[in-house]
Amino acid sequence: MDIAYWFVAGLLSLFYLYSGGIKVIRSRERLRPMMAWVDDTPMPVVRTLGVLEVLGAIGLVLPPLTGTAPWLAPVAAGGLVVLQVGATAVHLRRGDRRIALNLGLLVAAAGAGWLATTWL
């Protein structure tokens, strides 16, 4: 179970560190080719989502790695699940039916949350 958790959590962390990092750093114009929804979203919200993604990525890895507050790992995974539910809703509301990545991330985050409970 530990190997499965670290595999899933590691991949999710890499994805969310990148995705969240670019939302925090890049301008709307540089985000637009990858994320058309930024046109309809105020930049402070985009930046906040980026910060939440980065914090979620750190929360998946750092607490179990250090042994300090390991209960934060399933909480971080739950937060990422909520984030993907919202992202899926935004895509569907915009008429964008390409939600496979969002659903895959949702399932992976839910799996990481479940796997994280094995050491609590």
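**Charges.** I started with the charges of this predicted model: the mean positions of the 10 positive and 6 negative ones lie 5 Å apart. I counted Lys and Arg as positive and Asp and Glu as negative, leaving out His and the chain ends. Each charge sits at NZ of Lys, CZ of Arg, CG of Asp or CD of Glu.

**Ground rules.** Residues are numbered from 1 along each chain as its sequence is written, and side-chain values use heavy atoms, without hydrogens or water. Local features need pLDDT of at least 70 and side-chain atom pairs count only at pLDDT 80 or more, while totals for chains, interfaces and linings use all residues.

**Fold.** I found five helices and zero strands (DSSP runs, H or I of at least four residues for helices, E of at least two for strands, numbered from the N terminus). The C-alpha atoms fill a box of roughly 40 × 25 × 15 Å along the principal axes.

**Core.** Next I looked up the largest nonpolar core, which has 17 residues (buried Ala, Val, Leu, Ile, Met, Phe, Trp, Tyr and Cys joined through side-chain atoms within 4.5 Å; buried means under 20% relative accessible area with a 1.4 Å probe, protein chains only). Among the residues that touch the most other members are Tyr5, Leu12 and Leu60. Helices 1, 3, 4 and 5 each supply at least two residues of this core, and helix 4 gives the most, with six. Another core of seven residues lies apart from it, including Ile22 and Met43.

**Tyr5.** Leaving out residues up to four places away in sequence, I noted that Tyr5 touches Leu60, Ala112 and Trp119, among others (contact means heavy atoms within 4.5 Å).

**Burial.** Of the 120 residues, 38% count as buried.

Conventions: Buried means under 20% relative accessible area, exposed over 50%, partly exposed in between (1.4 Å probe, protein chains only).
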